[in-house]
Amino acid sequence: MTSAQQLLRSQRDLLLNWTSDHPAPLLRWLRDDQVLSSAHYLSLLEKLPSNAVAQALETVCGTEESSQKFLQVLKEVQDYYCRDLQVWVERHCRNDAVSKPAPTAVTVEEKKPKGPLAKLFKGKSKGFTLTAEVKAKEELRPTRSVKLSNLRVHISAHKTTLLKRTEQLKCYSEGEGVASNSASHIEIRYTDLFVTEDDDLVDGSRHEYFDLASRRARIYVHQACQRIRPCHLLSPNGTSGRPPKRVKVKGIAGIGKSVAVQRLVYEWAIGKNMREFTCVFDLRFRELNLIEAPLSLLELLGERFRYLKEALPDLFTSPSSLLFILDGLDEFKLPLDWNAPDKNIDVGSRLPVSELMVALIKGSLLPEASVIVTTRPSTEAPKRFFQRCCVVLGFEENQVKEYTTKFYKDSKVAEKVYDYILNNDNLFVLSFIPLYCYIICTAMAEFFSAENQDVGDSKSLELNPPRTVSEVYFCYLFTAVKHHALRGSAERSTPRSEVLSLARQHLTNLGKLAYESLLQKKIMFNRADLENYSVTPADIQSTFLCHILQPLKEETVEMFSFFHLTVQEHLAALYCAINLFSQEDIIQALDFWCFGQHPPSSTAAPLQNTDISMDKLESLQMFTRFFMGMLRARLGGQLDGLVLSPVEQGDAVPARLGLWFQDQFKGRKLENHAALNLLHCLMEFHMKETTGMAAPEIKKLNLFKMKLTVVDCAAMHYVLQFSPHKLQELNLGYSNIGNRGLNRLGPILHRCESLYLRYNCLDKQAAILESAVLKSNECQVKKLFMCGNNLGPEGVMELWNALEYNTTVEELYLDITGITERGTENIVNCLSKNTSLKTLTIVGNDIGQEGKKRLSELEQRRPGLRIIANFVDDLGLLQAYLDWVEEIRADRDQMDSVKNADALQSVLKGLQVAGKQVERGENAEKAKELQTEIVNLLKSSTDPTAGR
């Protein structure tokens, strides 16, 4: 046996004694040096610390090479461990140490306490003090100055504290079955997020989930979209080449901002990322709310990180090596004055904490330090103070699969759940938000666990696997209630109504709190708020409420919140569903929630104190969808045990609701957001009688520039399939539905007289689908707009083939669709046989000379067909494009869709070609004007300051 192996084997017990209290740094560095495989590393994290180190040592001692690597790793991570280990490293890990005969082992008494530095880190983060003994030992090291040595001890203490605080991912509930989540170590559970540059556009009136869905719909389709890993937030900017000093990261509730910050801190503390920073300070605005008196930054950090207090003056001598992470700006209760003049302050200046934070973020305090701020979109933090602004968009499809795989111990269960999510549009679109993904996985555990399938236990839910959003949330809630109600009981098949009855009072109190707070847009509660609704902190700890309400992490903070806004909305909807007893109550409630019409008179509890401003109505959209789902559950008997009496004339409710929806579509001029919300409400209610009455009243549906998701398309399809009539117009222009969304709408497209699909990120596959629509014997399409979609030559040839047989299409618009000369090969043969087409527009396509000849031949064969292939051929077309350019200038969302299709460049090229042929006349002047406007617009799009 060679010397390195011999050394490790002989010193095994000592090394175990020193490292088993906190093995994470050692194991991680061994993995990164490929001494441990990734699979082995993750399996060790699930074991008891002493067992993990013992198994790692056993693996390492297998070869001389791995033993040598172990000693090098130990040298790198020695600062995380006790002074005794550091002395051992100095003795044995010199380059020449292991080439000599094995040295005499360091002996310690049996059961001797670990070194003083290790003892230091057993308390809470705020309780650390550095002992004189540790400092004295550090000062004995001959190779370092006293100052640097002391700083090293403090930073080591800080890193160890941060590691212990960040290495566990807290889960709001842990299932008890085989299918429950496998582990909570951050290395096992963490799934990376989709983060990208932010345009900082926020619609404050909209529900933040819908605003995010629109953002994703717009950005997902851009091939050049820059993904930023959280650990690269401070990497150099592409333009300046310098790292940004101030970074803002925004994202909706539940999207993973705080967990991403936790991972950042963990990676720094374990020594694997952001190593350019000597020290990282992580502060939460929730904690800062508790500070009342003015204080200095020095005092704030000294109180928050007491074990760093003596080192802070030395750290501040090099501010460029410091990073501040400020998490949760949206939770800060104090007003922030961003426009106040800068003061001449330093780290010792005492200020109100709100002014202190503004100064740190703006850079008037410690401008050389780096700062990362996280916040929700609705909170103002002016972009001018940041060199980088990012938005967290949650998971991508691969990350949903990764998360699901990590969630379940049984890989077969994980695969089944992922397949179910993938094949259900509602769940698939929800799953990109990490917390939604957690809720879905928790809800699904009852249906797909191997244990339940073997014994039929899932039947105790008396439900089918969830399909709609409200069903997912109800399954999640019921799962939490059921596990609590049946704790310690062998009767797993207890009837659902009996289980719900056990929780009726808790759910009623909590639902009332959720609903009345929702109307006020209130999401944070103190003890008094809870007690007003007969909910106490003791209830939260001892009942299923721990799955629903989240106390703030710091023990001294007496604040609570629902762990996600949608959980609050769902409970509010459940409360209303079990407290509206008549048809008239339900109708009045919908008039109020959807359109702001205050109820004239009602004794129903949810219709009392209905004070809400009109500008907040859109924030109730998700709540109204949940309500419709919960109302369906009540009418179906699924809420028995919660309700004391049935709805009056419950059998007649679907018909009465059908009349209400009829009136909205027929008699009310609906904004596009409101119309889409009603479609979703019908889908959540999922009653054929109701939808069958409402759908025929929808004659036109205009969702122009709405940025739709696949779920929106599913809602449209669900409702419109019940209409026996044709749809006069379906306008989905600039909605970025993509192939998946169009495919979801496929079965109803043939009934649309005017179909607008402009700039929707469609390609050849979409052209194939649309061709099938045009070939259908039931096709009623007269106008088809496909401009700005990259159909390509193959795609457009499919359309020509379909038009050979189609007898309904009169106008076809294929501007800027990627048609080449090859794309015109079959145009003459196919369209010369068509008898219905009267107008064909294909400007902005490079069809070549041969393509132009084919168009001339087609015009001769079809004299009744007007072909517009040149921008200057039609004055009206030129004016339409001028209006279009003006629209783009005013709407940056639309600009993204246009960029994706390279539309402006295509138009510009077409104008340049056409200009050589026509130099005079009104058309030529208009073409020059359009060309100038496009050039200016392209300049302003590359220079953010231009034109502003």
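User: How many of the five residues of strand β2 are buried?

Analyst: This is a predicted model. Strand β2 spans residues 246-250. Arg 246, Lys 248 and Lys 250 point one way from β2, Val 247 and Val 249 point the other way, and all are buried.

User: Which residue of β6 is the bridge partner of Lys 250?

Analyst: Strand β2 runs parallel to β5 (residues 370-375), joined by five bridges, and Lys 248 stands opposite Val 373 there. Strand β2 also runs parallel to β6 (residues 388-392), with four bridges. In β6, the partner of Lys 250 is Val 391.

User: Which strands form the edges of the open sheet of seven strands?

Analyst: The sheet has the order β10-β11-β12-β13-β14-β15-β16, with parallel pairing. An edge strand pairs on one side only, which applies to β10 (700-702) and β16 (866-868).

User: In that sheet, which residue of β13 is the bridge partner of Leu 755?

Analyst: Strand β12 covers residues 752-756 and β13 covers residues 783-785. The two pair in the parallel sense over three bridges. Within β13, the partner of Leu 755 is Leu 784.

User: Is the ring pair of Tyr 734 and Tyr 759 stacked or edge-to-face?

Analyst: The structure holds 28 aromatic pairs, this one among them. The ring centres of Tyr 734 and Tyr 759 are 4.8 Å apart, with planes at 10 degrees. Planes under 30 degrees apart count as stacked, so the pair of Tyr 734 and Tyr 759 is stacked.

User: Where in the chain do Tyr 734 and Tyr 759 lie?

Analyst: The pair links distant parts of the chain, 25 residues apart. Tyr 734 is buried at 2% relative accessibility, and Tyr 759 is buried with a relative accessible area of 4%. Tyr 734 lies in the loop between β11 (727-731) and α35 (738-749), and Tyr 759 in the loop between β12 and α36 (764-775).

User: What is the geometry of the ring pair of Trp 660 and Phe 661?

Analyst: Both Trp 660 and Phe 661 are buried. Their ring centres are 5.0 Å apart and their planes stand at 85 degrees, so the pair is edge-to-face.

User: Over which ring does the charged end of Arg 668 sit?

Analyst: Charged ends sit over rings at sites including Lys 272, which lies over Trp 29, 3.7 Å from the ring centre. For Arg 668, the charged end is 3.6 Å from the centre of the ring of Phe 595.

Note on methods:
Residues numbered from 1 in each chain as written. Predicted model: local features only at pLDDT ≥ 70, side-chain atom pairs only at ≥ 80, totals over all residues. Heavy atoms only, no water. Pairing = 2+ DSSP bridges. Phe/Tyr/Trp six-rings, centres within 6.5 Å; stacked < 30°, edge-to-face > 60°. Buried < 20%, exposed > 50% of the residue type's maximum accessible area, 1.4 Å probe, protein only. Lys NZ or Arg CZ within 6 Å of the ring centre and 35° of its normal.
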